[in-house]
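Please read them with the sequence and the structure side by side.

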Amino acid sequence: MSKLLTPIWLLMMAALVCAPLSFAFAHGAMQRQQNACMLKIGPDLMYFSGYQPAVSRNRFCEDIPTLGATIFVLDYAQDELREMSTDFRIIRAIGDTEPLQRLDAVTVAYLPPKVYPAGTLNFEHVFNETGQFVGIVTAKGPNGEHWVSRFPFTVGGRPLLARMPYFLFAAAGVLALVLFVWGKDDESARGG
């Protein structure tokens with residue numbers, strides 16, 4: 001391999017390593033496990049799904065594809081949460097340091113605290129504008145537990161900057177394929 005290609009290979013390897021890391025940190029407490037979306041709240045987990053029945057039968061767990069009626073479903077993974085009062089709030093993205101008393105000014109939708117003994121919380125909201133939002137789930141228990149989980153999401157498509165790791169990953173793959181084919185042609189031209 002020529003000395004010119006060595007930095008290119010190092011750059012591609014760095015892109016392959018860094019791209020998954022940017023996905024892991026981009027969505028707050030939201031995690032994907034196989035086909036399920038998990039939301040960590042305190043020491044417990046909730047299964048999370050979002051639906052837009054008027055648009056598609058597909059569920060989503062990170063970004064909402066388009067405007068319109070959206071259904072959020074949270075299913076408790078642990079029975080402990082069934083005894084806790086849970087509320088759900090959607091706010092415009094304002095950063096991680098916004099004090100709680102100012103949340104009302106940026107709240108788009110709010111489901112007041114309630115105990116869900118069946119372990120499922122359903123909430124519907126109609127999104128009329130695109131943008132960056134944050135879902136906030138708060139659980140308060142009978143023994144003084146107070147857990148808050150935040151997860152950012154986008155409505156109406158992700159901005160170009162948020163999709164950049166996907167483009168870099170695809171470009172690295174195409175470059176690797178081109179270099180592989182180019183290297184094979186070089187070998188055959190030399191009679192190898």
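1. F48 has L74, in β5, as its bridge partner. The two strands concerned, β3 and β5 (residues 68–76), run antiparallel and are joined by 6 bridges. Strands pair here if DSSP finds at least two bridges between them. Helices (H or I, at least four residues) and strands (E, at least two) are DSSP runs, numbered from the N terminus.

2. This is a predicted model: local features need pLDDT of at least 70, side-chain atom pairs count only at pLDDT 80 or more, and totals for chains, interfaces and linings use all residues. Residues are numbered from 1 along each chain as its sequence is written, and side-chain values use heavy atoms, with hydrogens and water left out.

3. Strand β3 also pairs with β4 (residues 59–60), again in the antiparallel sense, through 2 bridges. Y51 has R59 in β4 as its bridge partner.

4. A further antiparallel partner of β3 is β2 (residues 36–41), with 5 bridges between them. I41 is bridged to D44 in β3. The two strands form a hairpin with 2 residues between them, and G42 in the turn has a positive phi of about 60 degrees.

5. Is β3 mostly covered or mostly open? Strand β3 (residues 44–51) is mostly covered, with 6 of its 8 residues buried. Buried means under 20% relative accessible area, exposed over 50%, and partly exposed in between (1.4 Å probe, protein chains only). Over the whole protein, buried residues make up 33% of the 192 residues.

6. Another group of strands deserves a separate look. An open sheet is formed by 4 strands in the order β7-β6-β9-β10, with antiparallel pairing. Its edge strands, β7 (107–115) and β10 (146–155), each pair on one side only. Neighbouring strands of this sheet are turned by 15 degrees against each other on average, direction ignored; the axes are lines fitted to C-alpha atoms, and angles run from 0 to 180 degrees between N-to-C directions.

7. Within that sheet, β6 (residues 85–92) and β7 run antiparallel and are joined by 6 bridges. I91 stands opposite T107 in β7. As background, strands of a sheet pair through backbone hydrogen bonds, either parallel or antiparallel.

8. The protein as a whole has 3 helices and 10 strands. Along the sequence their pattern is α-β-β-β-β-β-β-α-β-β-β-β-α. Of the contacts (heavy atoms within 4.5 Å) with a separation of 6 or more, 63% are between residues 24 or more positions apart.
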